[in-house]
Protein chains: 2
Amino acid sequence: MNAFSPTARSRVKRLPKRAHYDREAVFAILDAALLCHVGYVIDGQPYVTPTAFWREGDRLYWHGSSASRMLRAQSAGLPVCLTVAHLDGLVLARSGFHHSLNYRSVMAFGTAHKVDDPVEKAAALDAFVDRLYPGRRAEIRPNTAQELKATTVLSMVIEEASAKVRTGPPVDDEEDYALPCWAGVVPIRTIVDPALADPRLAPGVVWPDGLAAYAPGAKFETVLGESAAPTEESYST
Amino acid sequence: MNAFSPTARSRVKRLPKRAHYDREAVFAILDAALLCHVGYVIDGQPYVTPTAFWREGDRLYWHGSSASRMLRAQSAGLPVCLTVAHLDGLVLARSGFHHSLNYRSVMAFGTAHKVDDPVEKAAALDAFVDRLYPGRRAEIRPNTAQELKATTVLSMVIEEASAKVRTGPPVDDEEDYALPCWAGVVPIRTIVDPALADPRLAPGVVWPDGLAAYAPGAKFETVLGESAAPTEESYST
(Lines give C-alpha, C1' and ligand atoms only; values in the text may rest on other atoms or scores of the structure.)
Protein backbone atom coordinates (compact mmCIF):
# COMPACT_ATOMS: atom_id res chain seq x y z
CA MET A 1 0.00 0.00 0.00
CA ASN A 2 1.66 3.19 -1.08
CA ALA A 3 -1.22 5.44 -0.13
CA PHE A 4 -2.83 6.31 3.16
CA SER A 5 -6.53 5.35 3.10
CA PRO A 6 -8.60 8.42 3.89
CA THR A 7 -11.45 8.14 6.35
CA ALA A 8 -13.87 10.76 7.65
CA ARG A 9 -11.00 12.07 9.79
CA SER A 10 -8.45 12.67 7.07
CA ARG A 11 -10.40 13.01 3.83
CA VAL A 12 -10.03 16.48 2.33
CA LYS A 13 -13.55 17.83 1.94
CA ARG A 14 -12.86 21.24 0.44
CA LEU A 15 -11.36 21.40 -3.06
CA PRO A 16 -10.63 17.67 -3.24
CA LYS A 17 -8.62 18.18 -6.43
CA ARG A 18 -5.93 19.70 -4.20
CA ALA A 19 -5.76 16.53 -2.07
CA HIS A 20 -3.16 13.78 -2.09
CA TYR A 21 -3.00 10.62 0.00
CA ASP A 22 0.01 8.83 -1.44
CA ARG A 23 3.06 8.38 0.75
CA GLU A 24 5.39 10.03 -1.73
CA ALA A 25 3.45 13.30 -1.63
CA VAL A 26 2.90 13.20 2.13
CA PHE A 27 6.53 12.35 2.92
CA ALA A 28 7.94 15.00 0.58
CA ILE A 29 5.99 17.71 2.39
CA LEU A 30 6.92 16.38 5.83
CA ASP A 31 10.60 16.02 4.95
CA ALA A 32 10.79 19.59 3.65
CA ALA A 33 9.99 20.84 7.17
CA LEU A 34 11.80 21.03 10.47
CA LEU A 35 8.90 22.46 12.48
CA CYS A 36 5.52 20.86 12.82
CA HIS A 37 2.48 21.77 14.91
CA VAL A 38 1.26 19.00 17.20
CA GLY A 39 -2.36 19.18 18.31
CA TYR A 40 -3.64 17.27 21.34
CA VAL A 41 -6.43 17.46 23.88
CA ILE A 42 -6.19 17.73 27.66
CA ASP A 43 -9.50 17.82 29.54
CA GLY A 44 -11.35 18.80 26.38
CA GLN A 45 -9.07 21.78 25.69
CA PRO A 46 -7.12 21.75 22.42
CA TYR A 47 -3.42 22.65 22.48
CA VAL A 48 -1.19 23.23 19.47
CA THR A 49 2.53 23.11 20.20
CA PRO A 50 5.14 23.94 17.56
CA THR A 51 8.08 21.58 17.73
CA ALA A 52 10.87 20.10 15.66
CA PHE A 53 10.19 16.62 14.31
CA TRP A 54 11.73 13.96 12.14
CA ARG A 55 10.52 10.93 10.20
CA GLU A 56 11.58 7.34 9.78
CA GLY A 57 9.34 5.51 7.36
CA ASP A 58 5.77 5.76 8.59
CA ARG A 59 6.91 6.89 12.03
CA LEU A 60 7.21 10.49 13.19
CA TYR A 61 9.33 11.56 16.16
CA TRP A 62 9.50 14.68 18.28
CA HIS A 63 11.15 15.35 21.61
CA GLY A 64 11.66 17.69 24.49
CA SER A 65 12.22 17.96 28.18
CA SER A 66 10.90 15.16 30.35
CA ALA A 67 9.35 17.93 32.48
CA SER A 68 7.22 19.20 29.58
CA ARG A 69 3.47 19.21 30.13
CA MET A 70 2.90 18.45 26.47
CA LEU A 71 5.21 15.49 26.41
CA ARG A 72 3.91 14.06 29.67
CA ALA A 73 0.34 14.29 28.39
CA GLN A 74 1.26 12.61 25.12
CA SER A 75 3.39 9.90 26.69
CA ALA A 76 0.37 7.92 27.81
CA GLY A 77 -0.85 7.25 24.28
CA LEU A 78 -2.76 10.32 23.21
CA PRO A 79 -4.48 10.97 19.86
CA VAL A 80 -2.59 13.71 18.05
CA CYS A 81 -2.82 15.56 14.79
CA LEU A 82 0.60 16.56 13.50
CA THR A 83 0.41 19.26 10.85
CA VAL A 84 3.04 20.74 8.56
CA ALA A 85 2.47 23.72 6.28
CA HIS A 86 4.72 25.47 3.78
CA LEU A 87 3.67 28.88 2.48
CA ASP A 88 4.89 29.09 -1.11
CA GLY A 89 3.26 32.23 -2.40
CA LEU A 90 0.56 34.84 -2.30
CA VAL A 91 -1.94 34.53 -5.12
CA LEU A 92 -3.33 37.87 -6.20
CA ALA A 93 -6.52 37.64 -8.24
CA ARG A 94 -8.84 40.21 -9.78
CA SER A 95 -11.45 39.80 -7.03
CA GLY A 96 -11.02 39.46 -3.29
CA PHE A 97 -12.85 36.15 -3.42
CA HIS A 98 -10.30 34.50 -5.72
CA HIS A 99 -7.24 35.65 -3.81
CA SER A 100 -5.50 32.61 -2.43
CA LEU A 101 -2.24 31.18 -1.18
CA ASN A 102 0.09 28.66 -2.74
CA TYR A 103 1.00 26.14 -0.10
CA ARG A 104 1.78 22.53 0.71
CA SER A 105 0.36 21.04 3.88
CA VAL A 106 -0.01 17.67 5.57
CA MET A 107 -2.27 16.59 8.40
CA ALA A 108 -1.08 13.32 9.94
CA PHE A 109 -3.14 11.46 12.52
CA GLY A 110 -1.88 8.95 15.01
CA THR A 111 -1.42 8.07 18.64
CA ALA A 112 1.61 9.47 20.46
CA HIS A 113 3.65 7.13 22.64
CA LYS A 114 6.76 7.70 24.65
CA VAL A 115 9.83 5.86 23.41
CA ASP A 116 10.73 3.93 26.57
CA ASP A 117 13.44 1.61 25.33
CA PRO A 118 16.76 3.39 26.02
CA VAL A 119 18.48 1.96 22.95
CA GLU A 120 15.65 3.01 20.65
CA LYS A 121 15.54 6.41 22.31
CA ALA A 122 19.26 7.06 21.89
CA ALA A 123 19.06 5.88 18.28
CA ALA A 124 16.13 8.20 17.59
CA LEU A 125 17.99 11.20 18.96
CA ASP A 126 21.07 10.25 16.94
CA ALA A 127 18.90 10.03 13.84
CA PHE A 128 17.60 13.54 14.52
CA VAL A 129 21.13 14.97 14.70
CA ASP A 130 22.14 13.04 11.57
CA ARG A 131 19.06 14.29 9.72
CA LEU A 132 20.00 17.91 10.31
CA TYR A 133 23.79 17.81 10.59
CA PRO A 134 25.54 15.02 8.67
CA GLY A 135 28.80 14.05 10.32
CA ARG A 136 28.23 16.18 13.39
CA ARG A 137 27.85 13.35 15.88
CA ALA A 138 31.54 12.55 15.44
CA GLU A 139 32.45 16.10 16.52
CA ILE A 140 30.19 16.81 19.49
CA ARG A 141 30.30 15.36 22.97
CA PRO A 142 28.07 12.25 23.29
CA ASN A 143 24.91 12.44 25.37
CA THR A 144 25.26 11.51 29.02
CA ALA A 145 22.93 9.09 30.77
CA GLN A 146 21.49 12.00 32.70
CA GLU A 147 20.80 13.97 29.52
CA LEU A 148 19.04 11.01 27.98
CA LYS A 149 16.92 10.68 31.10
CA ALA A 150 16.03 14.35 30.99
CA THR A 151 14.88 14.01 27.37
CA THR A 152 11.55 12.53 26.37
CA VAL A 153 11.14 11.21 22.83
CA LEU A 154 7.64 10.77 21.48
CA SER A 155 6.68 8.90 18.37
CA MET A 156 3.61 8.00 16.43
CA VAL A 157 2.92 5.78 13.47
CA ILE A 158 1.01 7.69 10.82
CA GLU A 159 -2.40 6.01 10.87
CA GLU A 160 -3.87 8.37 8.30
CA ALA A 161 -2.57 11.39 6.47
CA SER A 162 -3.65 13.76 3.79
CA ALA A 163 -1.74 16.36 1.86
CA LYS A 164 -3.17 19.48 0.30
CA VAL A 165 -1.35 21.50 -2.31
CA ARG A 166 -2.10 24.63 -4.32
CA THR A 167 0.23 25.84 -7.04
CA GLY A 168 0.09 28.16 -9.99
CA PRO A 169 -1.49 31.46 -10.98
CA PRO A 170 -4.83 32.84 -9.82
CA VAL A 171 -8.00 31.37 -11.26
CA ASP A 172 -10.38 34.22 -11.89
CA ASP A 173 -13.92 34.44 -13.15
CA GLU A 174 -13.73 34.58 -16.94
CA GLU A 175 -15.20 38.07 -17.19
CA ASP A 176 -12.68 39.45 -14.67
CA TYR A 177 -9.57 38.72 -16.74
CA ALA A 178 -10.14 41.93 -18.69
CA LEU A 179 -9.87 44.09 -15.53
CA PRO A 180 -6.91 46.49 -15.51
CA CYS A 181 -5.60 45.00 -12.29
CA TRP A 182 -2.27 43.35 -11.58
CA ALA A 183 -2.65 39.63 -10.90
CA GLY A 184 -0.20 36.85 -10.35
CA VAL A 185 1.87 35.20 -7.67
CA VAL A 186 4.32 36.64 -5.15
CA PRO A 187 6.51 33.64 -4.27
CA ILE A 188 7.69 33.20 -0.69
CA ARG A 189 10.87 31.29 0.14
CA THR A 190 12.69 30.35 3.33
CA ILE A 191 16.46 30.56 3.07
CA VAL A 192 19.62 30.08 5.09
CA ASP A 193 21.53 33.22 6.13
CA PRO A 194 25.29 33.38 6.80
CA ALA A 195 26.20 31.38 9.90
CA LEU A 196 27.08 33.24 13.10
CA ALA A 197 29.95 31.59 14.93
CA ASP A 198 29.64 31.39 18.70
CA PRO A 199 31.79 34.16 20.27
CA ARG A 200 33.32 31.46 22.45
CA LEU A 201 34.38 29.22 19.56
CA ALA A 202 37.58 27.33 20.43
CA PRO A 203 40.70 28.62 18.62
CA GLY A 204 41.27 27.21 15.15
CA VAL A 205 37.81 25.72 14.72
CA VAL A 206 36.45 26.09 11.20
CA TRP A 207 33.07 25.53 9.56
CA PRO A 208 32.95 21.77 8.95
CA ASP A 209 32.39 20.11 5.55
CA GLY A 210 29.35 18.31 6.95
CA LEU A 211 27.47 21.59 7.14
CA ALA A 212 28.26 22.59 3.55
CA ALA A 213 24.59 22.35 2.59
CA TYR A 214 23.85 25.29 4.91
CA ALA A 215 25.30 27.74 2.39
CA PRO A 216 24.09 31.34 2.61
CA GLY A 217 21.08 31.76 0.34
CA ALA A 218 20.33 28.04 0.13
CA LYS A 219 16.65 27.17 0.23
CA PHE A 220 16.11 25.74 3.68
CA GLU A 221 13.94 22.84 2.54
CA THR A 222 16.57 21.89 -0.03
CA VAL A 223 19.11 21.66 2.79
CA LEU A 224 16.71 19.49 4.76
CA GLY A 225 16.08 17.31 1.73
CA GLU A 226 19.79 16.81 1.16
CA SER A 227 20.52 15.91 4.76
CA ALA A 228 17.44 13.72 5.32
CA ALA A 229 18.37 10.06 5.31
CA PRO A 230 16.17 8.05 2.98
CA THR A 231 14.38 5.39 5.00
CA GLU A 232 11.72 4.37 2.50
CA GLU A 233 12.76 0.72 2.82
CA SER A 234 11.01 0.55 6.15
CA TYR A 235 7.53 0.66 4.68
CA SER A 236 7.88 -0.60 1.12
CA THR A 237 8.23 -4.24 2.07
CA MET B 1 -4.20 45.58 31.44
CA ASN B 2 -1.42 45.30 28.93
CA ALA B 3 -0.61 41.68 29.70
CA PHE B 4 -2.57 38.47 29.30
CA SER B 5 -2.95 36.77 32.68
CA PRO B 6 -1.57 33.28 32.44
CA THR B 7 -3.55 30.40 33.90
CA ALA B 8 -2.80 26.68 33.99
CA ARG B 9 -3.78 26.61 30.32
CA SER B 10 -1.39 29.22 29.01
CA ARG B 11 1.42 29.45 31.55
CA VAL B 12 4.73 28.39 30.02
CA LYS B 13 6.04 25.59 32.21
CA ARG B 14 9.31 24.79 30.51
CA LEU B 15 12.07 27.40 30.52
CA PRO B 16 9.86 30.16 31.93
CA LYS B 17 12.56 32.74 31.25
CA ARG B 18 11.67 32.37 27.56
CA ALA B 19 8.03 33.26 28.28
CA HIS B 20 6.19 36.53 27.66
CA TYR B 21 2.60 37.44 28.40
CA ASP B 22 2.49 41.12 27.48
CA ARG B 23 0.35 42.18 24.54
CA GLU B 24 3.22 43.92 22.80
CA ALA B 25 5.28 40.73 22.59
CA VAL B 26 2.30 38.53 21.69
CA PHE B 27 1.00 40.89 19.01
CA ALA B 28 4.42 41.40 17.42
CA ILE B 29 4.77 37.66 16.88
CA LEU B 30 1.22 37.28 15.59
CA ASP B 31 1.54 40.23 13.22
CA ALA B 32 4.76 38.89 11.74
CA ALA B 33 2.85 35.87 10.45
CA LEU B 34 0.32 35.21 7.73
CA LEU B 35 -0.23 31.53 8.52
CA CYS B 36 -1.36 30.18 11.85
CA HIS B 37 -2.29 26.68 12.99
CA VAL B 38 -5.76 26.39 14.52
CA GLY B 39 -6.35 23.46 16.84
CA TYR B 40 -9.85 22.24 17.71
CA VAL B 41 -11.57 19.10 18.86
CA ILE B 42 -14.37 17.16 17.16
CA ASP B 43 -15.63 14.09 19.00
CA GLY B 44 -12.48 13.97 21.11
CA GLN B 45 -10.17 13.98 18.07
CA PRO B 46 -7.73 16.88 17.74
CA TYR B 47 -7.39 18.63 14.38
CA VAL B 48 -4.77 21.20 13.45
CA THR B 49 -5.57 23.22 10.35
CA PRO B 50 -3.11 25.71 8.86
CA THR B 51 -4.84 28.86 7.70
CA ALA B 52 -4.30 32.54 7.03
CA PHE B 53 -5.38 34.86 9.83
CA TRP B 54 -5.40 38.51 10.77
CA ARG B 55 -5.76 40.53 13.97
CA GLU B 56 -7.69 43.55 15.12
CA GLY B 57 -6.85 44.47 18.70
CA ASP B 58 -7.51 41.44 20.89
CA ARG B 59 -9.55 39.74 18.17
CA LEU B 60 -8.19 37.20 15.67
CA TYR B 61 -9.94 36.37 12.40
CA TRP B 62 -9.66 33.55 9.90
CA HIS B 63 -11.91 32.51 7.05
CA GLY B 64 -12.69 29.97 4.41
CA SER B 65 -15.40 28.27 2.49
CA SER B 66 -18.79 28.00 4.15
CA ALA B 67 -18.66 24.32 3.17
CA SER B 68 -15.51 23.70 5.24
CA ARG B 69 -15.76 21.08 7.97
CA MET B 70 -13.36 23.03 10.13
CA LEU B 71 -15.28 26.25 9.88
CA ARG B 72 -18.66 24.62 10.42
CA ALA B 73 -17.37 22.92 13.56
CA GLN B 74 -15.90 26.15 14.89
CA SER B 75 -18.92 28.31 14.03
CA ALA B 76 -20.92 27.00 16.97
CA GLY B 77 -18.52 28.41 19.56
CA LEU B 78 -15.69 25.96 19.89
CA PRO B 79 -12.60 26.21 22.11
CA VAL B 80 -9.56 26.70 19.90
CA CYS B 81 -5.84 27.11 20.33
CA LEU B 82 -4.37 29.31 17.62
CA THR B 83 -0.60 28.95 17.36
CA VAL B 84 1.98 30.88 15.39
CA ALA B 85 5.65 29.92 15.16
CA HIS B 86 8.58 31.56 13.43
CA LEU B 87 11.77 29.56 12.99
CA ASP B 88 14.66 32.03 13.24
CA GLY B 89 17.69 29.81 13.38
CA LEU B 90 19.37 26.52 14.11
CA VAL B 91 21.47 26.56 17.26
CA LEU B 92 24.47 24.27 17.04
CA ALA B 93 26.02 23.45 20.40
CA ARG B 94 28.96 21.25 21.46
CA SER B 95 26.66 18.48 22.69
CA GLY B 96 23.51 17.06 21.16
CA PHE B 97 21.62 17.93 24.32
CA HIS B 98 22.26 21.67 24.02
CA HIS B 99 21.38 21.93 20.35
CA SER B 100 18.34 24.11 20.03
CA LEU B 101 16.33 26.37 17.76
CA ASN B 102 15.87 30.10 17.79
CA TYR B 103 12.19 30.82 17.40
CA ARG B 104 9.28 33.04 18.33
CA SER B 105 5.94 31.41 19.04
CA VAL B 106 2.54 32.30 20.43
CA MET B 107 -0.24 30.09 21.71
CA ALA B 108 -3.53 31.99 21.87
CA PHE B 109 -6.62 30.49 23.50
CA GLY B 110 -10.19 31.50 22.88
CA THR B 111 -13.59 30.46 21.65
CA ALA B 112 -14.26 30.62 17.92
CA HIS B 113 -17.51 32.15 16.72
CA LYS B 114 -18.85 32.74 13.25
CA VAL B 115 -19.17 36.38 12.26
CA ASP B 116 -22.86 36.48 11.37
CA ASP B 117 -23.50 40.17 10.90
CA PRO B 118 -23.07 40.82 7.15
CA VAL B 119 -21.65 44.31 7.66
CA GLU B 120 -19.06 43.11 10.18
CA LYS B 121 -18.23 40.17 7.93
CA ALA B 122 -17.66 42.33 4.85
CA ALA B 123 -15.58 44.74 6.93
CA ALA B 124 -13.46 41.90 8.29
CA LEU B 125 -12.73 40.57 4.80
CA ASP B 126 -11.88 44.10 3.62
CA ALA B 127 -9.50 44.46 6.56
CA PHE B 128 -7.78 41.22 5.55
CA VAL B 129 -7.19 42.48 1.99
CA ASP B 130 -6.01 45.86 3.32
CA ARG B 131 -3.65 44.15 5.75
CA LEU B 132 -1.88 42.28 2.96
CA TYR B 133 -2.34 44.56 -0.03
CA PRO B 134 -2.64 48.28 0.72
CA GLY B 135 -4.68 50.05 -1.94
CA ARG B 136 -5.72 46.87 -3.68
CA ARG B 137 -9.42 47.06 -2.88
CA ALA B 138 -9.73 50.05 -5.18
CA GLU B 139 -8.39 47.97 -8.09
CA ILE B 140 -10.15 44.63 -7.77
CA ARG B 141 -13.78 43.77 -8.39
CA PRO B 142 -15.87 44.04 -5.18
CA ASN B 143 -17.24 40.89 -3.58
CA THR B 144 -20.69 39.80 -4.72
CA ALA B 145 -23.45 38.89 -2.28
CA GLN B 146 -23.07 35.28 -3.37
CA GLU B 147 -19.32 35.30 -2.66
CA LEU B 148 -19.90 36.75 0.80
CA LYS B 149 -22.46 34.03 1.46
CA ALA B 150 -20.02 31.36 0.32
CA THR B 151 -17.37 32.67 2.73
CA THR B 152 -17.39 32.00 6.44
CA VAL B 153 -15.46 34.31 8.72
CA LEU B 154 -14.50 33.08 12.19
CA SER B 155 -13.22 35.17 15.01
CA MET B 156 -12.12 34.78 18.59
CA VAL B 157 -11.19 37.17 21.32
CA ILE B 158 -7.85 36.18 22.81
CA GLU B 159 -8.78 35.02 26.30
CA GLU B 160 -5.23 34.01 27.18
CA ALA B 161 -1.98 33.98 25.30
CA SER B 162 1.65 33.23 25.91
CA ALA B 163 4.69 33.89 23.79
CA LYS B 164 7.90 31.94 23.87
CA VAL B 165 11.13 33.23 22.38
CA ARG B 166 14.67 31.93 22.10
CA THR B 167 17.45 34.06 20.68
CA GLY B 168 21.20 34.10 20.72
CA PRO B 169 24.10 31.66 20.61
CA PRO B 170 24.20 28.15 22.09
CA VAL B 171 24.52 27.77 25.85
CA ASP B 172 26.91 24.92 26.47
CA ASP B 173 28.17 23.21 29.57
CA GLU B 174 31.20 25.18 30.75
CA GLU B 175 33.64 22.33 30.22
CA ASP B 176 32.44 21.81 26.63
CA TYR B 177 33.47 25.23 25.33
CA ALA B 178 37.01 23.98 24.84
CA LEU B 179 35.89 21.27 22.38
CA PRO B 180 37.26 21.68 18.84
CA CYS B 181 33.78 21.73 17.41
CA TRP B 182 32.03 24.45 15.40
CA ALA B 183 29.19 26.03 17.33
CA GLY B 184 26.92 28.95 16.63
CA VAL B 185 23.71 29.84 14.88
CA VAL B 186 22.54 29.26 11.32
CA PRO B 187 19.89 31.95 10.80
CA ILE B 188 16.78 31.13 8.80
CA ARG B 189 14.80 33.83 7.02
CA THR B 190 11.65 33.91 4.89
CA ILE B 191 11.82 36.27 1.94
CA VAL B 192 9.82 37.48 -1.02
CA ASP B 193 10.88 36.30 -4.48
CA PRO B 194 10.29 38.20 -7.72
CA ALA B 195 6.60 38.37 -8.56
CA LEU B 196 5.24 36.21 -11.37
CA ALA B 197 2.66 38.05 -13.43
CA ASP B 198 -0.39 36.07 -14.48
CA PRO B 199 0.03 34.99 -18.13
CA ARG B 200 -3.44 36.42 -18.76
CA LEU B 201 -2.64 39.88 -17.38
CA ALA B 202 -4.64 42.55 -19.24
CA PRO B 203 -2.54 44.65 -21.66
CA GLY B 204 -0.72 47.60 -20.14
CA VAL B 205 -1.19 46.54 -16.52
CA VAL B 206 1.85 47.26 -14.35
CA TRP B 207 2.92 46.32 -10.83
CA PRO B 208 1.04 48.78 -8.58
CA ASP B 209 2.66 51.15 -6.09
CA GLY B 210 0.59 49.60 -3.29
CA LEU B 211 2.59 46.37 -3.58
CA ALA B 212 5.97 48.10 -3.38
CA ALA B 213 6.74 46.44 -0.04
CA TYR B 214 6.78 43.05 -1.82
CA ALA B 215 10.21 43.79 -3.27
CA PRO B 216 12.36 40.79 -4.23
CA GLY B 217 14.52 39.83 -1.27
CA ALA B 218 12.37 41.66 1.28
CA LYS B 219 11.92 39.83 4.57
CA PHE B 220 8.34 38.58 4.46
CA GLU B 221 7.53 39.52 8.03
CA THR B 222 8.81 43.04 7.41
CA VAL B 223 6.37 43.32 4.53
CA LEU B 224 3.58 42.11 6.78
CA GLY B 225 4.61 44.55 9.48
CA GLU B 226 4.56 47.45 7.05
CA SER B 227 1.18 46.60 5.64
CA ALA B 228 -0.49 45.68 8.95
CA ALA B 229 -2.80 48.45 10.11
CA PRO B 230 -2.09 49.46 13.71
CA THR B 231 -5.19 48.82 15.79
CA GLU B 232 -3.66 49.09 19.25
CA GLU B 233 -6.22 51.77 20.22
CA SER B 234 -8.82 49.09 20.59
CA TYR B 235 -7.31 47.67 23.77
CA SER B 236 -5.24 50.43 25.31
CA THR B 237 -8.19 52.47 26.58
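## About the model

This is a predicted model, where local features need pLDDT of at least 70, side-chain atom pairs count only at pLDDT 80 or more, and totals for chains, interfaces and linings use all residues. Residues are numbered from 1 along each chain as its sequence is written, while chains are lettered from A and ligands numbered from 1 in the order in which they are written.

## Where the chains meet

E9(A) is joined to strand E9 (residues 184-192) of chain B by 5 bridges, and the two run antiparallel. Strands here are DSSP runs (E, at least two residues), as helices are (H or I, at least four), numbered from the N terminus; they pair if DSSP finds at least two bridges between them.

In total, 78 residues of chain A are in contact with 78 of chain B (C-beta atoms, placed from the backbone, within 7 Å). E9(A) gives the most to chain A's side, with 9 residues.

## Around Tyr61(A)

Setting aside neighbours within four places in sequence, Tyr61(A) is in contact with Phe53(A), Trp54(A), Ala124(A), Phe128(A), Val153(A), Leu154(A) and Ser155(A).

Technical notes:
Contact = placed C-beta atoms within 7 Å.
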